[in-house]
Amino acid sequence: MSRSDWARLILLSCLWGGSFLFVERLVAELPPLTIVLGRVALGALVLAAVLAGSGARWPRGLQVWRTLAVMGVLNNLIPFTLFAIAQGGISAGLAAILNATTPLFTLLALRIFSGTPLGALRLAGVAAGFGGVALMMGAGATAGTRLAIGCCLAAAMSYGLSAVWAQRFRTLGVQPLQAAFGQITASALMLAPLALLIDRPWTLALPSPGAWGALAGVAVLSTALAYLIYFRIAASAGAVALSLVTFLIPISALAMSAALTGTLPQPHHLMGMALIAAGLGLIELARRRN
């Protein structure tokens, strides 16, 4: 990874770390599908304006849009919804820590779908990472907390699959801006009927100004801008390098949560995070040796 890749990675971690705080604010007033629909629909509008202003071509071709649709499901619809559900029962910081398991799932997906060998170091890293998750789930967690943690892990698995799927855009000649716009637009179109049918958002109470601000933040900063950076890193550094951002996200999310709300993680959450960090360190060491 180049210095510019690392700079983008750090900025992306701050944008996605902030998304957990925005969603934590939103779940107090809105149901999950409505939150996600607002996030992707507003994000799609912002990216459409950016795409039009840049003079870039719109994504074209049935194969391209099929690929974008799958990316929208794996990278938006499933994980955004699962994290919104989970954050009704756990803190933003814990959700961000669990999101750091994404590289573990990315490695497993690469092994299953691409035949990429894991090796002893990577296997040790995966074992340490899931050991950290087990510690967080077993240390006096309630059934509701375990269910929320399970939702976060399923979301991380979806992100891991999407990181592998994103590599297809290289061969299709899809540019980062086109990929960002296309996958979020596809997810908005697929989610809209579900959200309208299940949540019936027109029957909900009007959100407060704070909730509107959080929705704008999560859509414009943590979605539209973040995905522009995400696909640029994916094009230049690859899936596993990109997924390392999920280790930086908990640091930024915990720091912002402590500064803004005074919320601190519990000791066993920090211990679990340390094991996940150790696992990611082993994975990075294995990558550098290859």
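The dialogue below sets values against definitions.

Modeller: This is a predicted model, in which local features need pLDDT of at least 70, side-chain atom pairs count only at pLDDT 80 or more, and totals for chains, interfaces and linings use all residues. Residues are numbered from 1 along each chain as its sequence is written, and side-chain values use heavy atoms, with hydrogens and water left out.

Biologist: What makes Cys-151 count as buried, and Cys-14 as partly exposed?

Modeller: Buried means under 20% relative accessible area, exposed means over 50%, and partly exposed lies in between, with a 1.4 Å probe and protein chains only. Cys-151 has 13% relative accessibility and therefore counts as buried, whereas Cys-14, at 38%, counts as partly exposed.

Biologist: Which backbone oxygen lies 2.6 Å from a polar atom of the side chain of Ser-158?

Modeller: That oxygen belongs to Leu-74. Ser-158 itself is placed in helix α7 (residues 143-165), helices being DSSP runs of H or I with at least four residues, numbered from the N terminus. Its relative accessibility is 5%, so Ser-158 counts as buried. Leaving aside neighbours within four places in sequence, Ser-158 is in contact (heavy atoms within 4.5 Å) with Val-73, Leu-74, Ile-78 and Pro-79.

Biologist: How many aromatic pairs does the structure hold?

Modeller: There are five aromatic pairs. One of them joins Trp-16 and Tyr-227, 5.9 Å centre to centre with 75° between the planes, and is edge-to-face. The pair links distant parts of the chain, as Trp-16 is in helix α1 (residues 3-26) and Tyr-227 in helix α10, 211 residues apart.

Biologist: Why is the pair of Trp-58 and Phe-181 called edge-to-face?

Modeller: Rings of Phe, Tyr and Trp (its six-membered ring) pair if their centres lie within 6.5 Å; planes under 30 degrees apart count as stacked, over 60 as edge-to-face and the rest as tilted. The centres of Trp-58 and Phe-181 are 5.1 Å apart and their planes stand at 65°, so the pair is edge-to-face. Trp-58 lies in the loop between α2 (32-54) and α3 (62-86), and Phe-181 in helix α9 (residues 176-198), so the pair ties together parts 123 residues apart in sequence.

Methods
Helices (H or I, at least four residues) and strands (E, at least two) are DSSP runs, numbered from the N terminus. A polar contact is a pair of N or O atoms within 3.5 Å; within protein, one must be able to donate a hydrogen and the other to accept it, and residues adjacent in sequence count only if both atoms are side-chain atoms.
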